[in-house]
Amino acid sequence: MVSTTHRDAGVEGVEGGVGVTALMVAAARAIETYRHDTLVRDIYAEHFVLAAPASAGWPVRLQQVPDRDANPLWGRFARYFGLRTRVLDDFLLRSVHTGNARQVVLLGAGLDSRAFRLDWPSGCVIFEIDREGVLAFKNKVLDGLSATPRAARVPVPVDLRADWVAALADAGFDTAAPSVWLAEGLLFYLPAIAEEFLIDTVDRLSTEGSALAFEVKLDKDLMEYRDSPLYTSTTQQIGIDLLSLFDREPRPDSAGALESKGWATSVHTPFDFTRRHGRGPLPEDNDALAGNRWVFANRP
Ligand code: SAM
């Protein structure tokens with residue numbers, strides 16, 4: 001069992017700290033991949049989980065979970081990640097196929113395998129920003145599988161609490177061209193000032209026709225749900241104390257900030273998409289997902 005009781009603890013890779021959350025999402029995607037009513041297929045996900053000592057014993061099939069869908073972590077929470085992946089896959093594909101943007105920036109990319117999975121139009125470049133240790137692990141696993149990306153893939157190892165703009169520019173990002181951005185499962189780990197910087201920066205680097213999707217948690221007090229089945233089972237089963245990893249400062253109003261800069265935004269609960277797809281998590285009592293929102297923004 002890994003221990004992540006300290007928010008950062010200096011861990012740069014997937015073996016602990018916030019990086020291990022990327023393995024948790026990968027395990028969820030592996031489980032989702034092999035459901036009979038799957039929302040998304042990610043054949044790479046299980047390889048990441050099995051390659052890391054921190055997660056090698058975790059389930060990668062629902063059949064390996066004794067209480068299956070009743071398990072708050074590998075049942076409901078994993079389905080949440082499956083739904084999120086599917087909805088944001090659809091957002092990215094819609095954005096590049098209906099617009100002119102050909103550069104995609106995955107902020108806090110973790111073990112996202114979209115560069116390898118999705119049907120990108122020709123000329124697309126996928127920039128993957130995460131911390132160096134996470135990307136090094138990811139590259140090693142993908143190299144071992146001889147995986148071939150379906151677009152130009154550019155890993156950008158940098159910490160999003162620092163000034164990451166120079167690293168993205170050095171990696172070839174073109175500020176004169178439209179872009180599509182994604183911050184999936186990321187912002188609540190960042191200090192408020194880093195989130196504000198990120199939103200301001202995306203605005204500054206985005207020309208007309210650009211798009212951004214991100215996830216936020218609107219809970220006034222995260223600790224209200226500390227005894228929820230989702231948080232307690234995640235701590236008990238895999239030793240990830242999400243509440244100790246989340247930043248506890250009051251969150252900025254990032255959707256409002258983008259609106260004031262001329263972006264058109266729409267804000268959805270995950271449950272909106274559960275209903276649309278006919279599967280996924282539904283609201284429950286003492287629900288750690290109650291404050292989660294998925295925000296979609298377009299720069300007209
Ligand atoms: N977006 C991916 C997905 O949904 O599969 C990964 C989500 S994972 C829950 C959070 C990711 O954010 C991790 O890969 C972590 O390393 C990254 N992250 C958190 N804080 C970061 C920071 N300060 N700089 C760069 N990456 C960060």
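I count a contact when heavy atoms lie within 4.5 Å. With that rule I looked up A28 and found that A28 touches W74, A78 and F81, leaving out residues up to four places away in sequence.

I noted the ground rules next. This is a predicted model, in which local features need pLDDT of at least 70 and side-chain atom pairs count only at pLDDT 80 or more, while totals for chains, interfaces and linings use all residues. Residues are numbered from 1 along each chain as its sequence is written, and side-chain values use heavy atoms, without hydrogens and water.

**Entry: A28**

I placed A28 in helix α1, residues 20-33. Helices here are DSSP runs of H or I with at least four residues, strands are runs of E with at least two, and both are numbered from the N terminus. Is A28 buried or exposed? A28 is buried, because its relative accessible area is 2%. The cut-offs are under 20% for buried, over 50% for exposed and in between for partly exposed (1.4 Å probe, protein chains only). I also checked G82, which is 54 residues from A28 along the chain. The two C-alpha atoms are separated by 6.7 Å.

**Entry: whole chain**

I counted secondary structure and got 11 helices and seven strands. The C-alpha atoms fill a box of roughly 50 × 45 × 40 Å along the principal axes. Buried residues make up 59% of the 300. Of the contacts with a separation of 6 or more, 76% join residues 24 or more positions apart.

**Entry: cores**

A nonpolar core is a set of buried Ala, Val, Leu, Ile, Met, Phe, Trp, Tyr and Cys residues joined through side-chain atoms within 4.5 Å. Which residues touch the most other members of the largest core? They are L23, M24, W58, F77, W120 and Y231, out of 73 residues. Helix α3 (residues 72-98) gives the largest share of this core, 12 residues. Apart from it lies another core of 29 residues, among them F173, V202, F214 and V295.

I then followed L23. Beyond four places in sequence, the contacts of L23 include V14, F48, V49, A52 and A54. W58, L111 and F137 are also among the contacts of L23.

**Entry: helix α8**

I listed the buried residues of α8 (residues 229-238): L230, Y231, S233, T234 and I238. What covers them? The cover includes α1, α3, β5 (211-217) and α9 (242-245). Just after α8, G239 takes a positive phi of about 75°.

R68 lies in the loop between α2 (45-51) and α3. R68 is partly exposed, with a relative accessible area of 41%.

S146 was my next stop. Its phi is near 50°, a positive value in a residue other than glycine. Where does S146 lie? S146 lies in the loop between α5 (132-144) and β3 (152-157). S146 counts as exposed, because its relative accessible area is 60%.
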